[in-house]
Amino acid sequence: MRTPIVIANWKMNGGLAANANLVSGLKKQLVGQQATTIVICPPAPYLAQVEQLIESSNIQLGAQNASEYSVGAYTGEVSLKMLQEFGVQYVIIGHSERRVIFKETDQQVAEKCKAVVAGGLVPVICIGESLEERQQGNAQIVIKKQLQALSLEELRGSFIIAYEPIWAIGTGETASPEQAQEMHEFIRFQLRELLAERADSVKVLYGGSVKSDNAGQLFAMPDIDGGLVGGASLQAEEFFAICRAAGN
């Protein structure tokens, strides 16, 4: 059985005071919550602060990105070794905003994924189709291509897949639980084709505008193992409600 996991992606939001209030409120709500693995991914400048804020709690620390390079002249990049020094355990790789805005390619995402696994951390690998690709009936073709580009069969460590229907992120559109399950079932099938029985241990998260009012229905689906949560993770009560839904 796969333990559910809910990952907060704060994106480029937060500040010293706001972070302290948010984590404090979340810790009060999460007392006794053991059924779900909970991860917070703050912006890189706040990793040290959040590492201290979550000390002695069951919240784990993640990063929003990492470089595929280990050291050198790469201005603005953050290496795996740097993340390890702050107690980071998970790293989001290939988020749709990295792919669309910063033009990260499938090959670059694959290199980052290898670097994260080699560093002993867990990559949370994002895949997903655009609205145009879905309307053209190419959603499964896109997902299959993204998975194959990762060379998952060569990885010797744990990883998580996060399905992001790009058309349902920040647009007001939402995938129905049935639409989400259909794609998660397809992803699970593709993972079995690549990894055989090892695929059954891979967690597949949903990352398309998860909120407290749809989390219960989404997480009740057999192939959805939790969520990658954006805007809703910036409010303690809303995020706690999502975490609680994952553990039910």
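**Charges, rings and a surface patch**

Tutor: R99 and D106 are both buried, a word that stands for under 20% relative accessible area, with exposed meaning over 50% and partly exposed the range in between (1.4 Å probe, protein chains only). The model is a predicted one, in which local features need pLDDT of at least 70 and side-chain atom pairs count only at pLDDT 80 or more, while totals for chains, interfaces and linings use all residues. Residues are numbered from 1 along each chain as its sequence is written, and side-chain values use heavy atoms, with hydrogens and water left out.

R99 and D106 are joined by a salt bridge, their closest N and O atoms lying 2.7 Å apart; the term asks for a side-chain nitrogen of Lys or Arg within 4 Å of a carboxyl oxygen of Asp or Glu. R98 makes a salt bridge of its own, with E104, at 3.1 Å from N to O. In this pair E104 is buried at a relative accessible area of 7%, whereas R98, at 22%, is partly exposed.

F102 in turn belongs to a nonpolar surface patch of about 310 Å², which it makes together with V100 and I101. Patch members have over 30% relative accessible area and no salt bridge, nonpolar side chains being joined within 5 Å and like charges within 9 Å; the areas come from the Shrake-Rupley method with a 1.4 Å probe. I101 is placed in the loop between helix 4 (96-100) and helix 5 (106-118), helices being DSSP runs of H or I with at least four residues and strands runs of E with at least two, numbered from the N terminus. The relative accessibility of I101 is 56%, so I101 counts as exposed.

Beyond this part, the structure holds 10 salt bridges. One of them joins R192 to D200, with 3.0 Å between the closest N and O atoms; R192 is partly exposed at 42%, and D200 likewise counts as partly exposed, at 36%.

For ring pairs, the centres of Phe, Tyr or Trp rings (the six-membered ring of Trp) must lie within 6.5 Å, and planes under 30 degrees apart are stacked, over 60 edge-to-face and the rest tilted. The count by this rule is 2 aromatic pairs. Y69 and Y74 form a stacked one, with 4.0 Å from centre to centre and 5 degrees between the planes. Y69 is partly exposed at 39% relative accessible area, and so is Y74 at 36%. The ring centres of Y163 and Y206 are 6.3 Å apart with the planes at 50 degrees, so this pair is tilted. Because Y163 belongs to strand 6 (residues 160-163) and Y206 to strand 7 (residues 203-206), the pair ties together parts that are 43 residues apart in sequence. Both Y163 and Y206 are buried.
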